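Open the model in your viewer and keep the sequence panel beside it. The tour goes from the whole chain to single side chains.

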Amino acid sequence: MTLRMTPKLKKCAKIYLTSLLLILSKSVMAEQKLLDDFKNNPADRWKFIADTVMGGISSGRLSFSHNENANFARMIGKVSTENNGGFIQFRRSIIDGLPADTRGLKLSLRGNGQKYFVHIRTKGTFLPWQYYQHSFIANVDWSETTMLLNEFRPSGVLLRKNIDPKSIKSIGIVAFGRDHEAEIDVRKISFF
């Protein structure tokens, strides 16, 4: 037996599916909460850090810009692994952690096609070289990347396997681990 759809039935099915998708997308969007969109004095919240704090020779800078109808943070620099170095980053403190039901982060960004990282520090990361890490590629055009908290990897065996969202102290965007030129723009960071 074959099911034959009349034009009227096809139209009803299309309206139903469109409505369902709209409801589901609004539901997902409602779950996202903005962490930063780099408006209203972002320099008060974000700071640039290089491996020079521990003797490295990497260099760079952080700036905040507005164009193409968007505000964004831009980090550029040169990462060098010489002298036990190998990173530049911009980082923001999170005073009270994130809500307990936080499952991940979503970033809107662009860059030079290179691999970058998000580093999360928690109340359990006491030493400067302790963090949770997730990599991503910063494409040349604006794009979004989503990262689940349970996909972040601890930097050492002394850290818990999974991140407790309530214990998050800071989030950093990091150029790390190899000699390269860094250029990355981030216009929005949300959590869900």
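A residue counts as buried under 20% relative accessible area, as exposed over 50%, and as partly exposed in between. Keep that in mind for the phenylalanines below. Note too that this is a predicted model.

Start with the whole protein chain in cartoon view. You will find 1 helix and 12 strands. Of the 192 residues, 41% count as buried. Among contacts between residues at least 6 apart in sequence, 73% join residues at least 24 apart.

Now show the aromatic side chains. There are 7 aromatic pairs. Select Phe72 and Trp142: their rings sit edge-to-face, 5.8 Å centre to centre, with 70° between the planes. Phe72 belongs to strand S4, while Trp142 is in the loop between strands S8 and S9, 70 residues apart. Phe72 is buried, because its relative accessibility is 1%.

Next, select Phe117 and Phe176. Their ring centres are 5.5 Å apart and their planes meet at 85°, so this pair is edge-to-face. Phe117 is in strand S7 and Phe176 in strand S11, so the pair ties together parts 59 residues apart in sequence. Are these two residues buried, or partly exposed? Phe117 is buried, at 9% relative accessible area.

Arg110 lies over the face of Phe72, 5.2 Å from the ring centre. Arg187 lies over the face of Trp142, at 4.3 Å.

Last stop: select Phe38, Trp46, Phe64 and Phe90, which form one aromatic cluster.

How values were computed
Residues are numbered from 1 along each chain as its sequence is written. This is a predicted model: local features need pLDDT of at least 70, side-chain atom pairs count only at pLDDT 80 or more; totals for chains, interfaces and linings use all residues. Side-chain values use heavy atoms; hydrogens and water are left out. Helices (H or I, at least four residues) and strands (E, at least two) are DSSP runs, numbered from the N terminus. Buried means under 20% relative accessible area, exposed over 50%, partly exposed in between (1.4 Å probe, protein chains only). Contact means heavy atoms within 4.5 Å. Rings of Phe, Tyr and Trp (its six-membered ring) pair if their centres lie within 6.5 Å; planes under 30 degrees apart count as stacked, over 60 as edge-to-face and the rest as tilted. A charge sits over a ring if NZ of Lys or CZ of Arg is within 6 Å of the ring centre and within 35 degrees of the ring normal.
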